[in-house]
Amino acid sequence: MESGPAIFAGTAFTLFGAGLLLWTGVRVRHRAPVAHGVSPATAVALATLFGAVFLALGLWCFGRV
């Protein structure tokens with residue numbers, strides 16, 4: 001019964017984290033701004049940090065199943 005929500009949360013967090021990391025990498029590679037109105041270094045650092053955190057959180061949720 002409890003594995004259903006953990007699988008859903010793990011999937012959502014993992015997809016979001018991986019998508020954010022992929023999107024950030026593509027934007028950096030094309031030298032496009034990651035976030036408008038923010039320092040490029042700050043935007044890349046925060047987007048990478050949050051992408052990694054969400055990916056790790058998703059993997060943690062899968063580990064709880």
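Thr14 has its place in helix H1, where helices are DSSP runs of H or I with at least four residues, strands are E runs of at least two, and numbering starts from the N terminus. This is a predicted model, where local features need pLDDT of at least 70 and side-chain atom pairs count only at pLDDT 80 or more, while totals for chains, interfaces and linings use all residues. Residues are numbered from 1 along each chain as its sequence is written, and side-chain values use heavy atoms, with hydrogens and water left out.

Thr14 counts as buried, at 18% relative accessibility (buried is under 20% relative accessible area, exposed over 50%, partly exposed in between, with a 1.4 Å probe and protein chains only). What does Thr14 contact, leaving aside neighbours within four places in sequence? The list is Phe54, Leu55, Gly58, Leu59 and Phe62, with contact meaning heavy atoms within 4.5 Å.

## Aromatic rings

A pair of aromatic rings is described by the distance of the centres and the angle of the planes. Here, rings of Phe, Tyr and Trp (its six-membered ring) pair if their centres lie within 6.5 Å; planes under 30 degrees apart are stacked, over 60 edge-to-face, and the rest tilted. The count comes to two aromatic pairs. Phe16 and Phe54 make an edge-to-face pair, at 5.0 Å centre to centre and 85° between the planes. That pair links distant parts of the chain, with Phe16 in helix H1 (residues 3–29) and Phe54 in helix H2, 38 residues apart.

Phe16 is partly exposed at 45% relative accessibility, and Phe54 is partly exposed as well, at 24%. Together with Phe13, Phe16 and Phe54 form one aromatic cluster.

Ile7, Leu59, Phe62 and Val65 form a nonpolar surface patch, with about 360 Å² of accessible area together. Areas come from the Shrake-Rupley method with a 1.4 Å probe, and for residues only the protein chains shown count as cover. Phe62, one of the patch residues, sits in helix H2 (residues 40–63) and counts as partly exposed at 35% relative accessibility.

Pro40 is also found in helix H2. Pro40 is exposed, with a relative accessible area of 62%. Pro40 and Val28 are twelve residues apart in sequence and 9.2 Å apart in space, C-alpha to C-alpha.

Terms used: Patches are made of residues with over 30% relative accessible area and no salt bridge: like charges are joined within 9 Å, nonpolar side chains (Val, Leu, Ile, Met, Phe, Trp, Tyr) within 5 Å. A salt bridge is a side-chain nitrogen of Lys or Arg within 4 Å of a carboxyl oxygen of Asp or Glu.
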